[in-house]
Amino acid sequence: MTATPTTDMILPRVSSLLGLAAVAVSILPSHVWAAPAATGTITASAAVPTTSGLRFAVNGATTYLAGSNSYWIGFLTKNADVDVVLDHIAASGLKVLRVWGFNDVTTKPAAGTVYYQYLSAKGSEINTGANGLQRLDYVVSAAAKRGVYLIVNFVNNWSDYGGMPAYATAFGGTKEGWYANAAAQTQYRKYIQAVVSRYVNETSIFAWELANEPRCKGCPTDTVYNWAADVSKYIKSLDPHHMVTMGDEGFGLPLANGTASTAYPYTTAEGMDFARNLEIATLDFGTFHMYPKPWGMTNSFGPGWIQDHAAACKKAGKPCLLEEYGTDGDHCTVEKTWQAASLAAANDGMAGDLFWQWGDTLSTGKSADDGNTIYYGSSDGKCLIQDHVKAITS
């Protein structure tokens with residue numbers, strides 16, 4: 001999902017970096033752990049989330065997980081605001097929060113503005129300062145104290161906070177050409193190495209995510225498949241213990257009965273093949289998103305979309321996570337049916353859902369509202385957070 005920054009999150013939105021070669025990053029701070037060498041069979045500690053059949057295993061439990069998204073939490077400049085948000089998330093019974101692990105610029109912003117990476121063909125820089133990855137550091141440590149787990153992704157398909165378009169600005173080419181752009185991919189891998197090495201021993205990491213909503217419009221599905229296979233393998237070489245996932249919307253999918261659908265989200269028009277991508281051994285679980293109206297569908301499309309992904313994940317023997325879903329109105333009535341459909345498939349492929357997006361009251365006022373936001377303490381929050389968690393645990 002794209003996003004609009006609020007007062008405390010104003011960030012330049014240009015970026016560019018990628019990488020196909022595994023390279024060391026010389027600008028990491030001294031406290032960063034060395035990346036472990038790749039090992040064969042992986043045995044994660046009990047504190048590190050992993051998969052167990054079609055479910056996630058967290059501290060020995062394999063219950064269905066509920067959570068949300070907050071693209072902006074790592075861009076907040078006040079620790080107290082981060083604490084408030086994570087206190088509320090933990091008190092609500094939500095277990096997983098998906099956050100933006102990227103914030104790329106192609107022009108360095110004014111002092112005090114948060115950004116994580118400056119992209120330039122003349123020399124990119126990863127910002128590990130107080131207005132850089134140290135902001136994400138606080139989110140990671142604060143989440144650990146509260147038992148909240150984070151999904152951290154590395155690049156955006158969209159131009160918000162840099163993304164693939166920013167890489168194209170810095171290194172040339174197009175957004176669709178990003179997947180095979182050697183200079184862009186090299187910097188992308190440098191950034192991955194910096195972030196993964198920084199948090200490799202953190203128990204609050206739920207999973208590493210390749211990208212937010214990767215697409216390659218008009219491309220053969222081999223383009224994204226080969227990129228995802230290569231990059232996920234690279235991440236596993238840096239960190240063999242934490243899970244890795246794609247972060248895609250779930251496009252390119254057969255119906256649960258095996259037949260094809262001509263409806264846009266089911267086609268491979270965006271260069272995505274959900275079922276085939278699930279076959280990548282170094283991707284631990286499947287992700288999909290759901291925004292029926294922007295896709296030209298009605299809200300009644302939701303339950304079937306969920307069931308079809310659950311069937312594909314069950315066939316692949318991997319959990320499915322509905323990691324983004326939202327609508328611009330009548331949130332409780334509409335999204336409650338989606339949550340119920342996902343929970344009903346908890347033994348048949350579905351392992352959790354994360355609504356888009358978490359809303360809260362910060363020191364600067366309300367957090368960003370893109371029309372899909374569910375605010376803590378609201379009536380929609382009671383319906384889609386409190387009642388949902390109760391349904392899971394009852």
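Analyst: Let's start with Cys320: at 0% relative accessibility, this residue counts as buried, because the cut-off for buried is under 20%. Keep in mind that we're looking at a predicted model. The partner of Cys320 is Cys313, with an S to S distance of 2.0 Å. Cys313 is buried too, with a relative accessible area of 0%. The torsion about the S-S bond of Cys313 and Cys320 comes out at about 65 degrees, so this disulfide is right-handed.

Number the bonded cysteines along the chain and the pattern reads 1-2, 3-4, 5-6.

Next up is the bond from Cys216 to Cys219, again with S to S at 2.0 Å. Both Cys216 and Cys219 are buried. What handedness does the S-S torsion of Cys216 and Cys219 give? At about -55 degrees, the torsion makes this disulfide left-handed.

The remaining bridge ties Cys332 to Cys383, with 2.0 Å from S to S. Here distant parts of the chain get linked: Cys332 sits in helix H8 (residues 331-344) and Cys383 in helix H9, 51 residues apart.

H9 supplies three residues to the lining of the largest pocket, the largest share. That pocket holds about 240 Å³ of space. Of its 14 lining residues, the ones closest to the centre are Thr63, Tyr64, Leu65, Gly93 and Lys95. Strand E3 (65-70) and helix H9 (379-393) are the elements giving two or more residues to that lining. By class, you get eight nonpolar residues, five polar and one charged.

The second largest pocket comes to about 190 Å³. Helix H7 (residues 301-316) contributes the largest share of that lining, five residues. The lining residues include Asp308, Ala311, Ala312, Lys315 and Ala316, along with Leu253, Pro254 and Glu279. Sorted by class, this lining has eight nonpolar residues, one polar and three charged.

Note on methods. Residues numbered from 1 in each chain as written. Predicted model: local features only at pLDDT ≥ 70, side-chain atom pairs only at ≥ 80, totals over all residues. Heavy atoms only, no water. 1 Å grid on protein atoms, 1.4 Å probe; cavity = no way out; pocket = protein on both sides within 12 Å on 5 of 7 lines; lining within 4 Å. Points joined across faces, edges and corners; volume = space filled by probe spheres on them. Helix = DSSP H or I, 4+ residues; strand = E, 2+ residues; numbered from the N terminus. Nonpolar A, V, L, I, M, F, W, Y, C, P; charged D, E, K, R; others polar. Disulfide = S-S within 2.5 Å. Buried < 20%, exposed > 50% of the residue type's maximum accessible area, 1.4 Å probe, protein only.
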